[in-house]
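Subject: Structure for you to look at

Hello,

The structure is below, followed by notes on what was found in it. Please read them with the model open.

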Amino acid sequence: MANRKVTLLWYCKTPNGWRRYPVVMGGNNRIKHGYVEADSVLTHYPEGRYELRFYEGTKPIWKRAGTNAADALAARDREVHLLTTKDAASKAGVKVIEETGRLYLRRAAIKFEEDAKDRNALEAAEVNRLVCEEFIAVTGLVYADEITREHVFKFHRALRARGLSDRTLANKHARLRSFLRYCKLDYKDILPPTPKYDATLPDTYTLEQTGKILAVADAYMRLAIEFGLMCGLRDQELMHLEWVDIHWAESTLRVTSKPHWGFKIKDSEERDIPIPTELLTHLKEWKARDKQSRESRLVLPTSGGKPNGKLLRTLKRLAKAHGLNCGVCDGCESNLGECQDWTLHKLRRTYATTLLQNGMDLRTVQHFMGHADLASTMRYLKPASSKESQVKINKIKWSK
């Protein structure tokens, strides 16, 4: 394969002078910037630059690839693509003229993910990364302007071959559409219609699942999980929850914007949410014994006292460490092995469904969830189980 023709190296300053080492890749297929394996030991040499090495016959050719890891990967992909094209053109007696200023897919994908992170949309960032990585891997493309309708169909076929559901296919298709729009491509001409699927009810956790994850969580993550499960907080609302938002006497919390953190609540509408007695007890215990949390204005701060943007990643790693992964999703099959089934948003969905199943009216649940319209809340209505329906039917008087 052409990929073996180009090696990406880190040319760095070491105690023994300047040396070249192959780059070290992390589990997320990203370069561990500044790290090399020297004598089989992972070592940090931060001063240096990236270089490409390939051969013309037996002669080694070196090209500088800058100091940015994402740009270096894009440069490697471009060189691989160029060498492959030149080989094919040479056999056909055609000369290749190189072009500049084209958008690298890999670089755009990284920026697409980072854009979501900058908006604190952490779950969206994770999905963006998985979809873009898979699309690039399936199609083998280097430049954004190379994408055609057939490449999208190829992506669909690869997803179906993995046994993914029609709904998952449609969700990935929608994410790909967002990526193409981000790349400023005319996606309407490129994309086929969104794959159709049978509408399903929102996916939620069972009592067994929530019991298992809570049983293995430490006090910090138990609170994070319970705020999602028992109060339905969004990930950003959870990250920016402060002690002043907790109203102990009323057993409620208030969701508000935090301008000092750069956080604005969705739809700009504050709301009060009741805190179950169990969670309130855990919250009091946590504040009483955790010095760092007491000294921070945030309920769940980082060690530096800032909003914790890694709660989602911590939840996934917790599930993985204790054998709670589903084992079949994209996340489980990725290098990181972090299950897509474990998300903060699924805790929120479970919260809404649980309230409705226990007889709480739609308008109240809409308020607690912070939904702008009732239709969003109605998605969480689930039909009663067969057993529940049988009990109700048996109570009906059918004739005199």
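The lining of the largest pocket draws at least two residues from each of α3 (122-139), α5 (166-182), α9 (235-239), α12 (311-321) and α14 (344-357). Helices here are DSSP runs of H or I with at least four residues, strands are runs of E with at least two, and both are numbered from the N terminus. The model is predicted, with pLDDT of at least 70 required for local features and 80 or more for side-chain atom pairs, while totals for chains, interfaces and linings use all residues. Residues are numbered from 1 along each chain as its sequence is written, and side-chain values use heavy atoms, leaving out hydrogens and water.

Pocket

With 7 residues, α3 gives the most to this lining. In total 47 residues line the largest pocket, and E123, V127, N171, H345 and R349 lie nearest its centre. A pocket is an open set of points on a 1 Å grid over the protein atoms alone, with protein on both sides within 12 Å along at least five of seven lines; a cavity is a set where a 1.4 Å probe fits but cannot get out, and lining residues have an atom within 4 Å of a point. The space in the largest pocket is about 1,800 Å³, where a volume is the space filled by probe spheres set on the points, which are joined across faces, edges and corners. The lining divides into 16 nonpolar, 12 polar and 19 charged residues. Nonpolar covers Ala, Val, Leu, Ile, Met, Phe, Trp, Tyr, Cys and Pro, charged covers Asp, Glu, Lys and Arg, and the others, Gly among them, are polar.

Cavities

There are 2 cavities of 30 Å³ or more. The largest has about 40 Å³ of space, and its lining residues include L233, E237, D245 and F263. Strand β8 (residues 252-255) gives the most to that lining, with 3 residues. The second largest cavity, of about 30 Å³, is lined by A74, D77, Y104, L105, R106, I136, L141 and V142. Two or more of these come from each of α1 (69-92) and α2 (105-118). By class this lining has 6 nonpolar, no polar and 2 charged residues.

Helix pair

The axes of α2 and α3 come within 7 Å and cross at roughly 170°. Axes are lines fitted to C-alpha atoms, for helices over the stretch in contact, and angles run from 0 to 180 degrees between N-to-C directions. The two helices are therefore roughly antiparallel, a label for angles over 145 degrees. Contact, meaning heavy atoms within 4.5 Å, brings residues of α2, including L105, A109 and F112, against residues of α3, among them L122, A125 and I136.

Strands

An open sheet of 4 strands has the order β2-β1-β5-β6 with antiparallel pairing; two strands pair if DSSP finds at least two bridges between them. Its edge strands, each pairing on one side only, are β2 (17-22) and β6 (59-64). Within the sheet, 6 bridges join β1 (residues 7-14) to β5 (residues 48-56), and Y11 stands opposite R49 in β5. Helix α1 lies across β1, β5 and β6 and runs at about 10° to β5.

Strands β3 (residues 35-38) and β4 (residues 41-44) run antiparallel and are joined by 4 bridges. E37 stands opposite L42 in β4. Their hairpin has 2 residues between the strands, and D39 takes a positive phi near 55° there.

Regards

How values were computed: Parallel < 35°, antiparallel > 145°, perpendicular 65-115°, else oblique.
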